[in-house]
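Reader: I am new to this structure and would like to go through it by question and answer. Please show it first.

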Amino acid sequence: MDPLDTLRRWANAQESVCAMLLTSTRAVPQATVDRYSDYDVILVVDDIHPYYADRSWLEEFGEVLVSYWDPIHRGPDDDLERFANVIQFTSGLKIDFTLWPVALLQRIAAAAALPAELDAGYLVLLDKEQLTAGLRPPTYQAYIPARPSEQAFQTLVEEFFSDAPYVAKSLWRDELMPAKWCLDYDMKHVYLRQLLEWRVEIDHNWSAPVGALGKGLKKRLPPAIWSYLEGAFAGADSEENWQALFKTIDLFRLVAVEVAQHLGYRYPYQLDQRVTAYVQTIKDQPRPPDASTLSVQYAITRPFLPPTGEGE
């Protein structure tokens, strides 16, 4: 049975479920979906607490493989409680449920604008009490990056370069995990990804949603930029990570200069040159003594198995 039919059938049978909405990719016309695309569902109910306390209702959709639950919390702009969960079923089905009280949907329906979650796209799957009658239609414009101010651009560049010395010091000390965290998360995901999204918007007149975590970047960036980005990732080898660090800086500079020129902003070449030279100085320093000879060596001879009687 189609998952949407299963959801509708189940929700119709629950007296406390007043409305149900589908959001995210599956609610956006012409969006690309595949067999692994999530179903993002908002359940509007009389009382959210029973659905949090007794989780057996999920069995209606299949056997749960693994789940994540947000705690019940209040919204930043209201006093209404809500929660969300992420449910992966053994069948391959994945449903992200968000539980709202009726009063929250009523407030949204009466508001002058939709929240981003709905403005990005929604479909009403069920509405027993006409709660969605006043909802504005989605514009599908939510989550499109805004044109940055020059101050925002300069701040992004400076914060990107503030991470480079930390990565260099970690690599010099042979501290892989902090180096990878700062290089692959901070420098690439926090700063470079934002810059790449601005680069995409330049080509699309600030009207193209990219997707969470850069999902749409490969499709929308010039192939040469994407190819260079791929080369800026590395495994565990120290020298490869040094190369990845300099490639990340080179790519950031290339794209940042393009963005700055398009927006009429100044690129801080002197900051770039000073930091890049300092990073190179760290790399050129003699390495400290190898501490690995002082640590106990472990050899994994077989896959880990839980002790007998546990994990069964």
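Reader: Over which ring does the charged end of arginine 55 sit?

Author: The model is predicted, and the answers below are computed from it. A charge counts as sitting over a ring when CZ of Arg is within 6 Å of the ring centre and within 35 degrees of the ring normal. The charged end of arginine 55 is 3.8 Å from a ring centre, and that ring belongs to tryptophan 69.

Reader: How far is arginine 26 from the ring centre of tyrosine 39?

Author: Arginine 26 lies over the face of the tyrosine 39 ring. Its distance from the ring centre is 3.9 Å.

Reader: How many aromatic pairs does a search of the whole structure find?

Author: Two rings pair if their centres lie within 6.5 Å. With that cut-off, the search of the whole structure gives 16 aromatic pairs.

Reader: Tryptophan 10 and tyrosine 51 form an aromatic pair; is it stacked, tilted or edge-to-face?

Author: The two ring centres are 6.4 Å apart, and the angle between the planes is 80°. Planes over 60 degrees apart fall in one class, so the pair of tryptophan 10 and tyrosine 51 is edge-to-face.

Reader: How far apart in sequence are the parts that this pair ties together?

Author: Tryptophan 10 belongs to helix α1 (residues 3-13), whereas tyrosine 51 belongs to helix α2 (residues 49-53). The pair therefore ties together parts of the chain whose separation in sequence is 41 residues.

Reader: Is tryptophan 10 buried or exposed, and what about tyrosine 51?

Author: The cut-off for buried is under 20% relative accessible area. Tryptophan 10 has 4%, so it is buried. Tyrosine 51 has 7%, so it too is buried.

Reader: How are the rings of phenylalanine 153 and tyrosine 265 set: stacked, tilted or edge-to-face?

Author: Their centres are 6.0 Å apart and their planes meet at 45°. Stacked needs under 30 degrees and edge-to-face over 60, so the pair is tilted.

Reader: How many residues apart are phenylalanine 153 and tyrosine 265?

Author: Phenylalanine 153 and tyrosine 265 are both buried. Phenylalanine 153 is in helix α5 (residues 150-172), and tyrosine 265 is in the loop between α9 (238-263) and α10 (269-284). The pair links distant parts of the chain, at a separation of 112 residues.

Reader: Which residues lie nearest the centre of the largest pocket?

Author: The largest pocket has a volume of about 1,500 Å³. Elements giving two or more residues to its lining include β2 (39-45), β5 (81-89) and α3 (102-110). Its lining has 44 residues, and those nearest the centre are Ser24, Thr25, Gly211, Ala212 and Lys215.

Reader: How many residues in the lining of the largest pocket are nonpolar?

Author: The lining also holds twelve polar and ten charged residues. The nonpolar residues number 22.

Reader: Which element gives the most to the lining of the second largest pocket?

Author: The second largest pocket has a volume of about 170 Å³. Its lining includes Lys188, His189, Leu213 and Trp226. The element that gives the most, with five residues, is α6.

Reader: How many disulfides are there?

Author: A disulfide needs two cysteine sulfur atoms within 2.5 Å. The count by this rule is zero.

Reader: Is leucine 213 buried or exposed?

Author: Leucine 213 lies in the loop between α6 and α7, and it has a positive phi of about 60° although it is not a glycine. Most residues other than glycine have a negative phi. The relative accessibility of leucine 213 is 62%, so it counts as exposed.

Reader: Where is aspartate 174 found?

Author: Aspartate 174 is not a glycine, yet its phi is positive, at about 65°. With a relative accessible area of 48%, it is partly exposed. Its place is the loop between α5 and α6.

Reader: How far apart in space are leucine 271 and serine 162?

Author: Leucine 271 is in helix α10 and counts as buried at 19% relative accessibility. Leucine 271 and serine 162 are 109 residues apart in sequence, while their C-alpha to C-alpha distance is 10.0 Å.

How values were computed:
Residues numbered from 1 in each chain as written. Predicted model: local features only at pLDDT ≥ 70, side-chain atom pairs only at ≥ 80, totals over all residues. Heavy atoms only, no water. Helix = DSSP H or I, 4+ residues; strand = E, 2+ residues; numbered from the N terminus. Buried < 20%, exposed > 50% of the residue type's maximum accessible area, 1.4 Å probe, protein only. 1 Å grid on protein atoms, 1.4 Å probe; cavity = no way out; pocket = protein on both sides within 12 Å on 5 of 7 lines; lining within 4 Å. Points joined across faces, edges and corners; volume = space filled by probe spheres on them. Nonpolar A, V, L, I, M, F, W, Y, C, P; charged D, E, K, R; others polar.
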